[in-house]
Amino acid sequence: MGQVRGYHFDAVIGVGGIGTDPRADRIDRKINWVGINPKPTKNQVNGAPVISFEYFILLEQDGPLLHVIAPKLARRMYENGVRILITGYSEEEKAEAVSIINWARKANHKQVGITAIQPSPNVGDCSTGCGTKKSKGGCK
């Protein structure tokens, strides 16, 4: 997430890109994770707070393809090369994002065939969206 961690937001939908690394990890074009209700900490990385989330769902390669459940968002992300989308989205794109977030919230109390939302792991864990990059050897 880089410097974006310092922005104000209510939720983040992590989506796999289209490059070599996401394809190798089998997360390309998929919803990879969803973080809801960010909780900034006093710790910082490159001038931005390290954050965890009140709720976090890690989907990785089991996540749905973005274009299947949010075709307008997917088109915007992949056809326009958008990496970060915070403002300027259409009502349809916003509705698709809200739908994904609501689905993630509902997953809190039931199994959905993936890792259900639980309170976030410890701050600094790759899965918190803290800005570290997950690799086969751990967090970077």
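1. Areas here come from the Shrake-Rupley method with a 1.4 Å probe.

2. A word on the source: this is a predicted model, where local features need pLDDT of at least 70, side-chain atom pairs count only at pLDDT 80 or more, and totals for chains, interfaces and linings use all residues. Residues are numbered from 1 along each chain as its sequence is written, and side-chain values use heavy atoms, with hydrogens and water left out.

3. Back to Leu65, which sits in the loop between strand E3 (48-58) and helix H2 (66-69). Its relative accessible area is 31%, so Leu65 counts as partly exposed, a class between buried (under 20%) and exposed (over 50%).

4. For the overall plan, the protein chain has four helices and five strands, in the order β-α-β-β-α-α-α-β-β from the N terminus. Helices (H or I, at least four residues) and strands (E, at least two) are DSSP runs. Of the 140 residues, 34% are buried, and the accessible surface comes to about 8,500 Å², with 49% belonging to carbon and sulfur atoms.

5. Now look inside. The largest nonpolar core has 15 residues, and Ile31, Val34, Ile57, Leu66 and Ile100 have the most contacts inside it. Strand E2 (31-45), helix H3 (71-79) and helix H4 (91-106) each supply at least two of its residues, with H4 giving the most, four. A core of this kind is a set of buried Ala, Val, Leu, Ile, Met, Phe, Trp, Tyr and Cys residues joined through side-chain atoms within 4.5 Å.

6. A second, separate core has six residues, among them Phe9, Val12, Trp33 and Ile51.

7. Finally, strand E1 (residues 11-15) has Val12 and Gly14 on its covered face, and Ala11, Ile13 and Val15 on its uncovered one. In a regular strand, side chains alternate between the two faces of the sheet. E1 and E2 run antiparallel, joined by five bridges, and Val12 has Gly35 of E2 as its bridge partner. Strands pair if DSSP finds at least two bridges between them.

Definitions and conventions
Buried means under 20% relative accessible area, exposed over 50%, partly exposed in between (1.4 Å probe, protein chains only).
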